[in-house]
Every structure is written in C-alpha cells, then in structure tokens.
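Subject: Handing over the structure

Hi,

Here is the structure I promised to pass on to you. Have a look at it first, then read my notes below.

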Amino acid sequence: MNTSDDTSNPFRPTFGVPPAFWVGRAATTEAFRNALRSGPGAFSRSMLISGMRGIGKTVLLNELEDIAAELGWARLRATGRSNLVKELVETSIPRAVQEGGEATRRRINSIGISGVGSLGFSDEAPQGYKPTLATQLRELAESYRETGVLLTVDEVQDARVEDLTELAVAYQDVVRDELNIAIVMAGLPQGVNALLNLPGATFLRRAHLQLLGSFSAENTVVAFHSTAEGSGIELSDAAVRRAVEISRGYPFLVQLVGYLSWNRARQRGATLVESKDIEAIAQEAISVMGVQVHAPAVHGISPTQREFLEVMAAVVDGTEACPIGEVAQALDKPVKSISDTRHRLIQTDLIEPAGYGKVAFTVPYLADYLRATDRLGRID
C-alpha cells in the first residue's frame, strides 16, 4: 500500500467541511427527503438544527442541500453573520436564477442588482416595480414550481431580529401561495433558544427542531473504518475500539482522532493504525478539543454558571452523572437556589438531565478543560 507523503489523509477535522464518509443523522435526512417529495406544507420542510460547535450542524446542512439538489431543487444559502436579507436579495437569489438556466431566466425581467447585472421578475411587473425578498422568493419558487426552492441559514443565532422577521414574512407568503419552498436553519443552542423566545419568531417555533448529539458507538465504528478504507492506511479493530472510547462519538473528535492517528501511522511508515497510535495522540486531541470546542462553548456564560460547571467537574470525572445535591453542598447553597442556573446550563446544551436529581456534561472532556483552565481560558 502507498504510505508516501503524497497520500491524502481521509479524515477532515475542520468545521463545516463534509466528512469523506457520512454516518448517522439518518432519521433527519430521511424526514427531509420525504418532506421535499411531499406537497407544500409538509412538516419537515421547515427545520431548525441545534447543537454545539463541532457536532456537525453545517455538515448536516450541506447534506440536506445535496438531497435537495438530487431532487432538482434550487438552493439558496445565507448566514446569520452577514446581512441576511441583503445576501439573499443581491447574491443567493440572482445566482439561483443564473444556475436555473434559460427556462428560469425567461421568467425574470430587468431589475438591476449591483455587481450582478440585469435580473428581476415577471414581465407583467409594472414600471417602477421594486422587488422585495418576498417577491423574489415567490418568483423563484414559481420558476421552480415542478421542484422547489430550499433556503438554508447557518449561524442563525447571529442573525438580526429584523432580518429574521422579514425572512419569516417572505417564507410564509410563499407557503400561503402553496409553492414548493423549504427552509433549514442551524445554530448554537444558546442562541437558538433565545431566538425561539423572540416575539416575531413564531415560524421558528413551528419548525421541526433537530437537537444534534454524538454518534452511537456503532456509527462511530463505521465512521473510523469506512473513512480510512482505501486510503492506504487503515485502522485495526483494536485501534478503532480505543478510538471510539476516546472520541465518545463526538463528530469533530472522531475526525480529529482519526486524522492525528492516521498521520502518526504514516510517519512511522505503517499501513495500519494500531492502539499505540491512538494512545499517542489522545492528549493532543483532547487539547485541540479544548481550544476549538470547549473555549467557545463556555465563552459568555455567567460567572455563576461557570462556578456551577467547575463544581461539577470537581465532583465527577466528566463521564458520570453528578448529583445536584453535591453541587449545592459544595456551593453552600440550597438546591432550590441553584435550579435556575441548572436550567440555563441545560438550555445552552452544556449539561443535561441524567436521572432524578442528577446532571451530566454533554460535551466530552469539558470537565477536564474546566479543571485545567481558569475563567479566562488560561491553562493552569
């Protein structure tokens, strides 16, 4: 087998980059595929994906876009980190029009968009007609009446309320006309929860909410074996068992452990990743996880919430359920007085209920990170 430096590492521990081999999320992808095949108003045509950094939100968005493309749907992409409405009106929709070919362009008349050219809407439009997001979406959906239009919004927690309101009005307007349109939004739990409570976010609350978690052990095994297959360096069964234990099914960590161990095997000229390779890179993987996932996850939480998490980390090793009573005792407070902090941490998806009177960390190695750093993220 080829183990030269020219061989590409098949693992991809980079946020938003699709893995070489897709596993898991089958229920979500199947529900979405069925919704697109159904008529207007199908439940999963409106979907909200929530999960921590590194859990695979953007990757899932990409997969859903691919499903839409297979079915002939136009795809519009926007991000909450930009001027969402402007991005759609000036870039995404004009691009979809151009990609739709002559049949689509014939339905569009001359409305100038700076930097794009002369694009616009139906020939019946009166002189002086000024397009809005709603009219653009409707016209595009009319052009794709036989298939449909998919709109995806990543980092939705960063979107302006005004943009979300305009998007909601435009989307609901197209739905009322019984045209084929779907929308999928993805964001971090804390931001998504805040958006769901906004007065103008009714359409978000009606969306099919998908809370992403770690892969099952079975899917994690498949991910390691199938990703490495045919790359020139594969993983032994023993190495995979240890890799599953270390990665705990967390998608980013699966890719990272695979990437680091694959590189180590190549450096020693081997064609098989062994358990010793997994052990050798374990601490590096956990350290990278701290920088890339843990630090952003706890950034912005209140001092009270950080203290709660630090006490949890001191009580358990990070994999066990932590009794709330022990947290309260360590904080020298009644259990009832820390219930609000517990609730807020559950909402941010940093901890989860783990049986009566117990909670557990949701992100692997977060307890280790909390024990090793101070509240500014400095290493102890």
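This is a predicted model: local features need pLDDT of at least 70, side-chain atom pairs count only at pLDDT 80 or more; totals for chains, interfaces and linings use all residues.

If sheets are new to you, strands of a sheet pair through backbone hydrogen bonds, either parallel or antiparallel.

Here is how the pairs are made up:

- Strand 10 (residues 322–323) and strand 12 (residues 358–361) run antiparallel and are joined by two bridges. Look for Cys-322, which sits opposite Val-359 in strand 12.
- Strand 11 (residues 351–353) pairs with strand 12 over three bridges, again in the antiparallel sense. In this pair Glu-352 faces Ala-360 of strand 12.

Strand 11 and strand 12 also form a hairpin, with four residues between them. In that turn you'll find Gly-355, which has a positive phi of about 105°.

There is also an open sheet of five strands, with parallel pairing and the order 2-5-6-1-7. Which strands stand at its edges? Those are strand 2 (74–79) and strand 7 (208–211); each has a single partner strand, so one side of each has no neighbour in the sheet. From one strand to the next, the twist averages 15°. Strand 2 pairs with strand 5 (residues 149–154) in the parallel sense, over six bridges, and Thr-79 stands opposite Asp-154 of strand 5.

Last stop: the largest pocket, which holds about 690 Å³ of space. Why does this pocket lie between domain 1 and domain 2? Both domain 1 (25–97 + 133–212) and domain 2 (217–297) give residues to its lining, so the pocket lies between them. The lining has 37 residues, and those nearest the centre of the pocket are Phe-15, Arg-53, Gly-54, Ile-55 and Lys-57. Sorted by class, 19 lining residues are nonpolar, 11 are polar and seven are charged.

Cheers

Key. Residues are numbered from 1 along each chain as its sequence is written. Side-chain values use heavy atoms; hydrogens and water are left out. Two strands pair if DSSP finds at least two bridges between them. On a 1 Å grid over the protein atoms alone, a cavity is a set of points where a 1.4 Å probe fits but cannot get out, and a pocket is an open set with protein on both sides within 12 Å along at least five of seven lines; lining residues have an atom within 4 Å of a point. Grid points are joined across faces, edges and corners, and a volume is the space filled by probe spheres set on the points. Ala, Val, Leu, Ile, Met, Phe, Trp, Tyr, Cys and Pro count as nonpolar, Asp, Glu, Lys and Arg as charged, and the others, Gly among them, as polar. Domain bounds come from an automatic or database domain assignment. Axes are lines fitted to C-alpha atoms, for helices over the stretch in contact, and angles run from 0 to 180 degrees between N-to-C directions.
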